[in-house]
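This note is intended for a colleague who is meeting the structure for the first time. Please read the numbered points alongside the sequence and the model.

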Amino acid sequence: MPELRKDPVIGRWVIIATERAKRPDQFLSKATEGPPEKACPFCEGNEAQTPTEIYSIRPSFTPPNKPGWELRVVPSHAPFLRIEGDLERQGRGLFDVMNGIGAHEIIIETNKHIDNMADLSEEQTSKVFTCYIDRIRDLERDMRFKYALVFKNQGWTAGGGRIKHSRSQLIATPVNPKRVKEELVGARLYYNYHERCVFCDVIKHELEIKERLILDIDGFIAIAPYAARFPFEVWILPKKHSCDFTSLEPGMRIDLARIMKKVLMKLKKGLNDPPYNYVIHTAPFRREKVGYWKSVDYDYHWHIEIIPRLTRVAGFEWGTGFYICPLPPEDAAGFLREVSEATA
Ligand SMILES: [Zn+2]
Ligand SMILES: [Zn+2]
Ligand SMILES: [Zn+2]
């Protein structure tokens with residue numbers, strides 16, 4: 001019998017296909033499709049091929065936009081939103097409209113031509129997290145923005161484009177994204193009723209039953225979520241309650257890098273280097289405004305969602321908002337636990 005499972009945070013239902021379920025090893029990624037690779041503007045020495053850098057980690061004796069850096073952030077050359085101008089929010093009949101204001105930045109995670117974040121060192125991945133934190137904090141000072149979303153498109157079918165150089169993106173928006181708002185509202189409802197954080201409750205439960213637990217190290221856990229939408233969907237959460245990713249202390253960033261690298265390496269080795277996306281879900285910018293996400297410190301809990309792109313979303317998902325997951329998360333977790341994360 002297939003199971004309908006409800007996500008405890010946002011109340012989204014998913015169908016976990018147990019009868020027609022495939023074995024975990026039937027999801028291995030096919031050889032990467034996509035057009036041939038393009039010349040790389042992100043390698044050290046090609047700084048002139050990118051827009052002027054916004055941020056970098058480099059020794060102080062090296063000038064900006066020149067070699068010598070370890071990590072760089074540049075504006076997107078094809079931004080979804082523009083940084084200049086005012087919002088000018090207005091009504092157009094019953095429709096809302098505002099100018100497409102926002103920030104769209106590319107985080108070049110390494111000066112070397114490395115395709116997958118799984119292959120960066122823990123130290124380098126930890127610098128990537130520090131960079132995310134510094135950039136989010138900087139953008140928070142801009143009162144036009146309400147949220148900053150960090151995400152990654154890895155591989156052609158995940159939107160990674162034709163350049164195989166590990167990078168992530170940050171988009172600051174003048175409105176809160178709907179997906180994040182659903183989580184914030186769901187988490188607040190749960191907190192109002194139980195006086196506990198729903199994510200903390202999930203962590204406690206998953207540590208007890210262990211069947212969806214993939215890793216439990218250094219203050220973080222990686223789990224296959226109970227109501228997974230996709231095969232091998234993985235969430236990483238800090239075990240200690242915190243709503244704000246940017247409050248992660250420097251000492252914890254290396255621990256996060258360690259579990260992140262292990263998870264990405266398990267996906268890479270276990271599933272044949274699949275394309276994937278990840279997002280960091282953290283609290284929105286908290287501003288001095290009455291009633292504005294006042295309880296978020298208590299009821300929300302930041303996390304990273306990682307989704308390998310092994311199946312396609314089709315008409316039913318699109319039309320209903322239901323997802324059909326062809327692999328029970330318990331099987332995904334069992335499979336990933338077995339894959340060695342040791343670097344080959
Ligand atoms: Zn490169
Ligand atoms: Zn919590
Ligand atoms: Zn989330």
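1. Basis of the note. The model is predicted, so local features need pLDDT of at least 70 and side-chain atom pairs count only at pLDDT 80 or more, while totals for chains, interfaces and linings use all residues. Residues are numbered from 1 along each chain as its sequence is written, chains are lettered from A and ligands numbered from 1 in the order in which they are written, and side-chain values use heavy atoms, leaving out hydrogens and water.

2. The zinc ion (ligand 1). Its protein donors are Cys 40 (SG), Cys 43 (SG), His 113 (ND1) and His 165 (ND1), lying 2.1 to 2.3 Å from the ion. Donors are N, O and S atoms within 2.8 Å of the metal (3.2 Å for Na, K and Ca); water is not among the atoms, so sites may look incomplete. The site of the zinc ion (ligand 1) is tetrahedral, with angles of 101 to 119 degrees among its 4 donor atoms; four donors count as tetrahedral if all angles lie between 85 and 135 degrees.

3. Placement of those donors. The donor residues of the zinc ion (ligand 1) follow the spacing C-x2-C-x69-H-x51-H. Cys 40, in the loop between strand E2 (13-16) and strand E3 (55-57), and His 113, in the loop between E7 and helix H1 (122-140), link distant parts of the chain, 73 residues apart. Helices (H or I, at least four residues) and strands (E, at least two) are DSSP runs, numbered from the N terminus. Cys 40 is buried at a relative accessible area of 10%, whereas His 113 is partly exposed at 38%. Buried means under 20% relative accessible area, exposed over 50%, and partly exposed in between (1.4 Å probe, protein chains only).

4. The zinc ion (ligand 2). Cys 197 (SG), Cys 200 (SG), His 241 (ND1) and His 301 (ND1) coordinate this ion at 2.0 to 2.3 Å. The arrangement is tetrahedral because the 4 donor atoms subtend angles of 107 to 114 degrees. Cys 197 lies in the loop between helix H2 (178-194) and helix H3 (198-209) and His 301 in the loop between helix H5 (296-299) and strand E14 (303-308), so the pair ties together parts that are 104 residues apart in sequence. Both Cys 197 and His 301 are buried.

5. His 281 lies in strand E13 (residues 276-281) and His 303 in strand E14, so the pair ties together parts that are 22 residues apart in sequence. His 281 is buried with a relative accessible area of 4%, and His 303 is buried at 0%.

6. Ile 221. This residue is found in strand E11 (residues 220-223) and is buried, with a relative accessible area of 0%. Not counting residues up to four places away in sequence, Ile 221 touches residues including Ile 203, Leu 207, Trp 235 and Ile 259, where contact means heavy atoms within 4.5 Å. Ile 221 and Val 73 are 148 residues apart in sequence and 29 Å apart in space, C-alpha to C-alpha.

How values were computed
Four donors count as tetrahedral if all angles lie between 85 and 135 degrees; four count as square planar and six as octahedral if opposite donors are over 155 degrees apart and all others between 65 and 115; anything else is irregular.
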